[in-house]
Amino acid sequence: MNALRRNVLKSAAGAGAVAVAVAAGLLKPTQAMAAWNKGAFEAKNVGDAMKGIGASSPADSKDITIKAPDIAENGAVVPVEVTTSLAGTSSIAILAEKNAQPLVGTFGLSGGAQGFISTRIKMGQTSLVRAVVNAGGKTYTAAKEVKVTIGGCGG
């Protein structure tokens, strides 16, 4: 038996086993999904999104650094890095204030993880990119304006 045939048969057997587990109710797709804050992600304005993530009145902090381009040539792919030196950082959220749904993402950090995230976001138009950091039981924020020239959420 050749190697390609053997790999095809093993893959088919594995897929069949997964299908049987799903049909029997032993494996549910919802169990593999990450938890998400539906209300915060579906918020239409920054205030509601901030309330949804439990940050109704965050304090400004110079210990949060947002690294993003001053001018994004393509709003569909804007690189953003958030770094914080605040002790006990437990989560970092990113908001693009003029997006139709401003909350871009929330990132949980545990076990003394370094306060750093790097991602790419989609922006519909020029606006502030805001980072909201939970550290030591308190909420802090910082913002940076990013100018969008083309693309983005609006086309």
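Me: Why is Arg-130 called buried?

Reply: This is a predicted model, and the values are computed from it. The relative accessible area of Arg-130 is 16%. Buried means under 20%, so Arg-130 is buried.

Me: What makes the contact of Arg-130 with Glu-97 a salt bridge?

Reply: The closest N and O atoms of Arg-130 and Glu-97 are 2.6 Å apart. The cut-off is within 4 Å, so the pair forms a salt bridge. Arg-130 lies in strand 8 and Glu-97 in the loop between strand 5 and strand 6, so the pair ties together parts that are 33 residues apart in sequence.

Me: Why is Glu-97 called partly exposed?

Reply: Its relative accessible area is 23%. Partly exposed lies between buried, under 20%, and exposed, over 50%, so Glu-97 is partly exposed.

Me: How do you know that Asp-70 and Lys-144 meet in a salt bridge?

Reply: The N to O distance is 3.2 Å. The limit is within 4 Å, so the side chains of Asp-70 and Lys-144 meet in a salt bridge. Asp-70 is in the loop between strand 2 and strand 3, and Lys-144, 74 residues apart from it, is in strand 9.

Me: Why does Asp-70 count as exposed?

Reply: Asp-70 has 54% relative accessibility. Exposed means over 50%, so Asp-70 counts as exposed.

Me: What makes strand 8 and strand 9 a pair?

Reply: At least two bridges are needed. Nine bridges join strand 8 and strand 9 in the antiparallel sense, so by that cut-off they pair. Leu-128 stands opposite Glu-145 in strand 9.

Definitions and conventions. Residues numbered from 1 in each chain as written. Predicted model: local features only at pLDDT ≥ 70, side-chain atom pairs only at ≥ 80, totals over all residues. Heavy atoms only, no water. Helix = DSSP H or I, 4+ residues; strand = E, 2+ residues; numbered from the N terminus. Buried < 20%, exposed > 50% of the residue type's maximum accessible area, 1.4 Å probe, protein only.
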